[in-house]
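Q: Hi! I'm new to this one and would like a friendly walk through it. Could you show me the structure before we start?

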Amino acid sequence: MNGDKETVEYICYERDSAGKTQAAVRAFLKQNGDTQSVVGGSAARNIVDTVVERCRSVRASKLVTVRFAIESLDVTGIRTQTSEDLIRSAPCATYMALFGQTPLKDIRKILLIANSGPHDMAALRFADQLRRKSNATLTIATIEDESNAKAEHAGERAIQSLLHDADLDEEPFETKVVVDRIRHRGIRKCYEGHDLIISGSESTRDIWPLRQSLNETTAIIIKRNPPLRLRSIVEWFPHVNPRDHAELLQDLRQGSRWNSDFVGMLALASAIATLGLMQNSTAVVIGSMLLAPLMTPMIGTGLALAQANLKLAKACATSIAYGTLLTFAISLLLGIITPARETLPPEVLSRGAPNIWDLLIAFFSAMAATFAMARPNLSGAVAGVAIATALVPPVCAAGLSLSHGSYGNSLGAMLLFGTNLIAIIVASRFTFALLGIAPYRTLPRHRFLAWWGRWGLVGLMVIISGPLSFMLLGQFDEGRSQTAIYPVTRAVSRALHERVAQDSGVEITLLGRPSVHEGVLIHIASNQDLPPSYADELRAIVRVEMNDPEVPVIVIALQGLWLSDSDEGLQGRQ
């Protein structure tokens, strides 16, 4: 079980300090010429806590134990400590021998009981390792508790999925599905003279009752590494099967090519997104996100960096660059030739002020999209990720803003697109690494370029995180995280100011469209009382200019108009 660079420590806990067990283990190791193993021993009342603490102190990668139940005395009284308690508390992968003493050299038939649980993968890898060492046959069995024709098919699919996730072919293994509502009886039906039974830790109560009926068969229970351990992430994270890897590479190659399919879909998505932004229609903008193929070459760039695939990187970079220019040109052209509003719609303005949240959304969305694309059974989640990460709308917002002469908002929208672009590539590269995709038979020069590309993008993402964080803090200081009020059209503003200018002592202090509800908000200040008909007159002007007789208009009048522009007090009155 242990690797070439791993050492074994035998821990002997005894009720007294005589050390007989330690002496016996030392003698056994000496007899077998085991000079690398270390024997440690201690007398302890709480054996489970002591073993767990020892594992943490030496950072153990594996813990091997036998089934036990020992009574101990603590502050709460007499307590029974069991091997199940140790398995639950162990901070590393744990192997427990339930019963049997079959030597490795005598193992010829291995039975793996799959439970569709979290420990099946660790049990399968251990069983396959023993199969290779002892040249034994391995049978993978599952017990289904539904007595119908579909139960066997479901069990076969579960075994195939397990082998698929473990990156193992089905040919070296025998498979068996038993339908029985009593699990330990079903395991007994799978037995057929096997020398070793292996299963996940959830099978302890099912296998233990069989200790008398399985002759001298050895049974081992396995618990995987706890998922929260950082160094065990690679072990429990599913790797990409070679067939899925080939299909993923082919899909990303096809989807990242600058061809008529890519251009046509991107052009249509750009036009839909632009018109949706001009209409201030969130639903239309979401529809354009589902059509746009721009995320595919970005994830393809992450795969190219993971594989050091220079050819794929060039193809993806070409599609990203040309696709961005095409989207920007279409939105700019539509913004120029269509009769748009005199002011930018809220959907456009909202994309001109990115913050650190946008970076985090793009990063985690890209991880989800990459994982879903690499796992065929999760392909349906890609559409949801496309909605979460906006790529085409920010570029379209930049083109529309430029056509309206709003250079600041155009620059902010392109910053949002650049933020999403960098986050997607970095996140996809990181996810592919977790999935076990690494450079294979590539030139050292290509690996060097991939290394610089990866860390260059990471550095750039860290750099832009600073300004994005300050933008978010600035929005919080203003008491908002988004635009609170949007401007009205120039025609509405001009007509209202011309009307108010006719009355001395009256001034518009606030004019705009609130983001929380539809309509127009007008604040006026006056040094004299104004009749209610004044509000009706302003409301009529707004509805005529906006050509909407039903638009809500709120008018708030304040009496007392003055201006203070220094600490010396009042400077002027009207």
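This is a predicted model: local features need pLDDT of at least 70, side-chain atom pairs count only at pLDDT 80 or more; totals for chains, interfaces and linings use all residues.

Q: Got it. What's the idea behind such pairs?

A: Side chains of opposite charge can pair when their charged atoms come close.

Q: How many salt bridges does a search of the whole structure find?

A: The search turns up twelve.

Q: Where do Asp128 and Arg131 lie?

A: Both are in helix α4. They sit three residues apart, which is about one turn of the helix.

Q: Which other residue forms a salt bridge with Asp128?

A: That would be Arg132, with closest N and O atoms 2.9 Å apart. Arg132 and Asp128 are separated by about one helical turn because they are four residues apart in helix α4. Taken together, Asp128, Arg131 and Arg132 are linked in a network of salt bridges.

Q: Nice. Is Asp128 buried or exposed?

A: Asp128 counts as buried, because its relative accessibility is 7% and the cut-off for buried is under 20%.

Q: Let's look at another pair. What does Asp180 form a salt bridge with?

A: Its partner is Lys189, and the closest N and O atoms are 2.8 Å apart. Asp180 counts as buried at 5% relative accessibility, while Lys189 counts as partly exposed at 44%.

Q: Changing topic: what is the volume of the largest pocket?

A: The volume of the largest pocket is about 1900 Å³. It has 47 lining residues, and the closest to the pocket's centre are Val8, Tyr10, Leu63, Val64 and Thr65.

Q: Which elements give two or more residues to the lining?

A: There are strands and helices in that list: β1 (9–13), α1 (20–31), α2 (47–58), β3 (62–66), β6 (93–99), α4 (120–134) and β11 (218–223).

Q: What kinds of residues make up the lining, by class?

A: The lining has 31 nonpolar residues, along with ten polar and six charged ones.

Q: How does anyone spot empty space like that?

A: Rolling a probe the size of a water molecule over the atoms shows where empty space is left.

Q: Which residues here have a positive phi without being glycine?

A: Glu192 is one of them, with phi near 50°. Glu192 is in the loop between α6 (183–190) and β10 (196–200), and it is partly exposed, with a relative accessible area of 49%. Asn547 also has a positive phi, of about 55°. Asn547 sits in the loop between α21 (532–546) and β15 (553–559) and counts as exposed at 69% relative accessibility.

Q: Last topic: what separates the C-alpha atoms of Leu210 and Phe99?

A: Leu210 and Phe99 are 111 residues apart along the chain, and their C-alpha atoms are separated by 9.7 Å. Leu210 is in the loop between α7 (204–207) and β11, and at 4% relative accessibility it counts as buried.

Q: And how many residues apart are Phe173 and Thr139?

A: They are 34 residues apart along the chain, with 5.8 Å between their C-alpha atoms. Phe173 is in strand β9 (residues 173–179), and at 7% relative accessibility Phe173 counts as buried.

Key: Residues are numbered from 1 along each chain as its sequence is written. Side-chain values use heavy atoms; hydrogens and water are left out. On a 1 Å grid over the protein atoms alone, a cavity is a set of points where a 1.4 Å probe fits but cannot get out, and a pocket is an open set with protein on both sides within 12 Å along at least five of seven lines; lining residues have an atom within 4 Å of a point. Grid points are joined across faces, edges and corners, and a volume is the space filled by probe spheres set on the points. Ala, Val, Leu, Ile, Met, Phe, Trp, Tyr, Cys and Pro count as nonpolar, Asp, Glu, Lys and Arg as charged, and the others, Gly among them, as polar. A salt bridge is a side-chain nitrogen of Lys or Arg within 4 Å of a carboxyl oxygen of Asp or Glu. Buried means under 20% relative accessible area, exposed over 50%, partly exposed in between (1.4 Å probe, protein chains only).
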